[in-house]
Amino acid sequence: MKLHDRGSSLKSLNLKVRHAITKVRWRESLWDAMYRARQSRAKALQEFKDPVRFRVEVRHIKEKSIEDLDYLIQNFIYNAKKKGAKVYLAKDALDAISYILRLLEEKNCKLVIKSKSLTSEEIEMNKYIEEKGINIVETDLGELIIQLSNEKPFHLVYPAVHKTRKDVADLLSEKFNIQVKNDIKDIMQAVRKILREVFLDSDAGITGANVAIADTGTVVIETNEGNARLVSSIPKLHIVIMGMEKIVSNLDEALKIIRSHPVSSTGQRLTTYVSFISGRNPLGNVDGRELHIVVLDNGRSRLRYDGWLKEALYCIRCGACMNICPTYSVVGGHVFGFIYPGPIGIPWTASVHGLDKASSFAPLCISCGLCKEICPVDIDIPMMIAKVKYLSVIKDGQQLTNRILEEYEKVYKLAYPIAPIFNWIVRNKIVRVVMEHTLGLDRRRPLPEVRYETFVRWFSRRYVPSVKQKRKVALFLDFFSNYCYTEIAKRTTNLLESAGVAIKIPPQLTSGYPYVAYGDINKAKNNAEINVNSLYQVIKHGYDIVSLEPTATYSLKITYPKLLNNSKESVLVANHTHELFEYIHMLVKEGLIKLRCKTDGEKIIGFHIPCHQRALSEGRFTVELLKIVGFRVKIIETGTCCGMAGSFGFKKGPLGYELANEVGKNLFSMFKDSGVDLIATESNICRIHIEQGTGLKVIHPISLL
Amino acid sequence: MSKVSDIFTLFKQRFEELAGSVYLVGTEEECAMLVKDILVKRDVKSVAVTKVKQKLILELLDSGIEVLRGGDARRLSYVDAGISLAEFAIAETGTIVEASHDDYERLVSSLPRIHLVILNLKDIVHTLEEASSRLKEIYRRSGDSPLVVTFISGPSRTGDIELRLIVGVHGPHEVHAIVQAK
């Protein structure tokens, strides 16, 4: 029963992905939207004196608020009531809905206007209101468009980004029996005119709230169109529906969030309008004007007690994670989401809509980690997603393909003694077809060929030169430099030894990051523990750790401490781990390595930054060193992942090879159009994908020094 | 940044980046003349006002412009322009801040196509942090009365269709900030 459920859920997702891939126009609009959002966010961030510190401050506000939430809720209710608002604490969706419906019926509301509220969508409020025969109209242009076309939002901030002006003009013409020209200005005039009457005739207005302030009993609404101002002022009844996690203690904290949110959402300093509403203002002679604030729990209070998932409550709903997510960029919000879309949508859906709904799209996360990098609150979205995948695996079991891909190290350990045979086997067309059908590995993807001698073996049996021992380095090899591209580790060894560095290879397993990507957290923890213990031993003897593979470095510095609860050893290992080029750069600066200018500046190198390296040096040491030896270096990037995502790009079908290629399409074109002679990247996995996708030669930069 | 003129310059730059317009006038008389000028140029026949000085209202009536001083939303929706007073402005973000105890005041700056807002030069602060103390004063002053504070940073806008930025949706299409030096 279990396997069948997971199987059909996966099949359905595969079909949806394949279908989404064909929607070329939607994808272009989405890609455009995401790209521009990232650019404008970067520009807006430049205005901050210290954006890193600001982010820490915002994070601290959210941490504290969630910690003190019980008190804040009581304080908020007290102060809101003092100003004359009515407040209702709803324990779940149905509780909130019945309160709202009762209220609307009591006040005899026939026409309700709404401004954008994700929380109202979370509880599917519109549906219930319409069932009662009450007319409810979205006033946010994007939301109105999808309401009229009966669709779900495609993007969090721009829900109708996939619609062209012609689509919109036709839609409005049809639904309102008027002639709307295929022109944006004309569309705006029409919308303003149509909605003006709706605003004026409405009996109730329902809004969300972006932040709430406990000290003053205030709800804060951010908007650009001006519709929320009208929704919250014209009708006799104003209802606010908001999640309890929106509450902060005081005005200063609210201002920080208000300043942070638009930057990451649309690249604005502030939204055009920010309304701080305390109590209900009178309007002329109208009697009985009321404000009702529905504070929603719906699983949030329970979430506070989950060590990893609790961070979901820190989300300020900016949508930045969506704007950088590589798989979201291909499939959009209709596939990557249930009601809450995108990366943050996975833990949110698991918490308020249930694990099964989250599992239905969680496999779309390829664990690139970019969402965490862009999040204005530094939320550990990748690990929350890993936890959701972990819960899915416990419930439904693990996919066979994932299990096989996770154990690549064990396979290659058996393979290298018979290297020539193994390499022939994995190249053989018939074998690949069989592998595709039985193991789920796409036949089109070349598997890495194994060397007959691992680096560790080579290292152990060679003559060890005596070095001046200026420094001691323990190498962390991970998979490729040990089994496949051993020349990377050999060149590294030669280079470091020439600088007077004594090298050791402590016992180690590969990073185990695929365990995290596929939700096998306990297995990941196991690798982490073993590697940390081994590396800790050498650190105690004064060794620096140099890691050759970006994902492995990321694991040592970021993932392992999280997996091991920031144990003393894991933190020490993290702090003593260096990227390869970071270390070489240091040795060059210390004069221990002298780099000679090797080329005549004719060759142009295209540099690719692997996702996991974005959280580390972003490759800047590598680029600098390549320039020092005389190369012209161009960083070629789309700002998001190449799509390979570790073992993901080996899997057959839409949720694997196909999606990896769709994600990588734009990057491949950029490389091909860039006029570079050669591509350099430190990730051996990206290397396979980019080589195949561009037809250009891709090398590890160590071979250029 | 302590010089008043620097702060004004920053405010003007930021507000105009957001498609708003900023003017600096000396006296109340100049302010009234400018208001009239802006309205007449746009063929405005009726305005809704809140908190503005009697003198200004008389000027407008003199010019044959109908002046509304209260009313409901429907009345307001037929008016061509709204004129309000700001509590203060924030230079760093290009923002005007209004405080209202009556939603009529909010509608004056949200329903009509054209919005004129008058403020004093000395009431422009540099940063959001500095704005905080002004805001706290407003809250203190209000006690337990209902209150809505609104930040306005330019005319209304949307990017919802094809990501094209369009100015002027449900809110004003134009916002004119008139800064009075005295």
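This is a predicted model: local features need pLDDT of at least 70, side-chain atom pairs count only at pLDDT 80 or more; totals for chains, interfaces and linings use all residues.
**First stop: a helix pair**

Select residues 550-563 of chain A, which form helix H29, together with residues 568-576 of chain A, which form helix H30. Two packed helices are described by the angle between their axes and the distance between the axes. Here the angle is about 165° and the axes lie 8 Å apart. Because an angle over 145 degrees counts as roughly antiparallel, H29(A) is described as roughly antiparallel to H30(A). Their crossing is left-handed.

**Second stop: the nonpolar cores**

Next, select Val17(A), Phe276(A), Val331(A), Leu364(A), Leu659(A), Val149(B) and Phe151(B). These residues touch the most other members of the largest nonpolar core, which has 96 residues. The element that gives the most to this core is helix H12 of chain A, residues 251-265, with six residues. In soluble globular proteins, nonpolar side chains tend to be buried together.

Centre the view on Val17(A). With its neighbours within four places in sequence left aside, Val17(A) is in contact with Val331(A), Val335(A), Leu364(A), Pro654(A), Leu655(A) and Leu659(A). A second, separate core has 71 residues, among them Ala499(A), Leu548(A), Phe621(A) and Phe671(A).

Most residues other than glycine have a negative phi. Select Asn108(A), where phi is positive, near 55°. Asn108(A) is located in the chain A loop between helix H5 (93-106) and strand S2 (111-114). Is Asn108(A) buried or exposed? Its relative accessibility is 53%, so Asn108(A) counts as exposed.

Move on to Asn177(A), another residue that is not a glycine and has a positive phi, of about 55°. Asn177(A) lies in the chain A loop between helix H9 (165-176) and helix H10 (184-201). With a relative accessible area of 73%, Asn177(A) is exposed.

**Last stop: a glycine and a distance**

Finally, select Gly84(A), in the chain A loop between helix H4 (69-82) and strand S1 (86-90). Gly84(A) has a relative accessibility of 42% and therefore counts as partly exposed.

Definitions and conventions:
Residues are numbered from 1 along each chain as its sequence is written. Chains are lettered from A and ligands numbered from 1 in the order in which they are written. Side-chain values use heavy atoms; hydrogens and water are left out. Helices (H or I, at least four residues) and strands (E, at least two) are DSSP runs, numbered from the N terminus. Buried means under 20% relative accessible area, exposed over 50%, partly exposed in between (1.4 Å probe, protein chains only). Axes are lines fitted to C-alpha atoms, for helices over the stretch in contact, and angles run from 0 to 180 degrees between N-to-C directions. Angles under 35 degrees count as roughly parallel, over 145 as roughly antiparallel, 65 to 115 as roughly perpendicular and the rest as oblique. A crossing is left-handed if the near helix is turned anticlockwise from the far one by less than a right angle, and right-handed if clockwise. A nonpolar core is a set of buried Ala, Val, Leu, Ile, Met, Phe, Trp, Tyr and Cys residues joined through side-chain atoms within 4.5 Å. Contact means heavy atoms within 4.5 Å.
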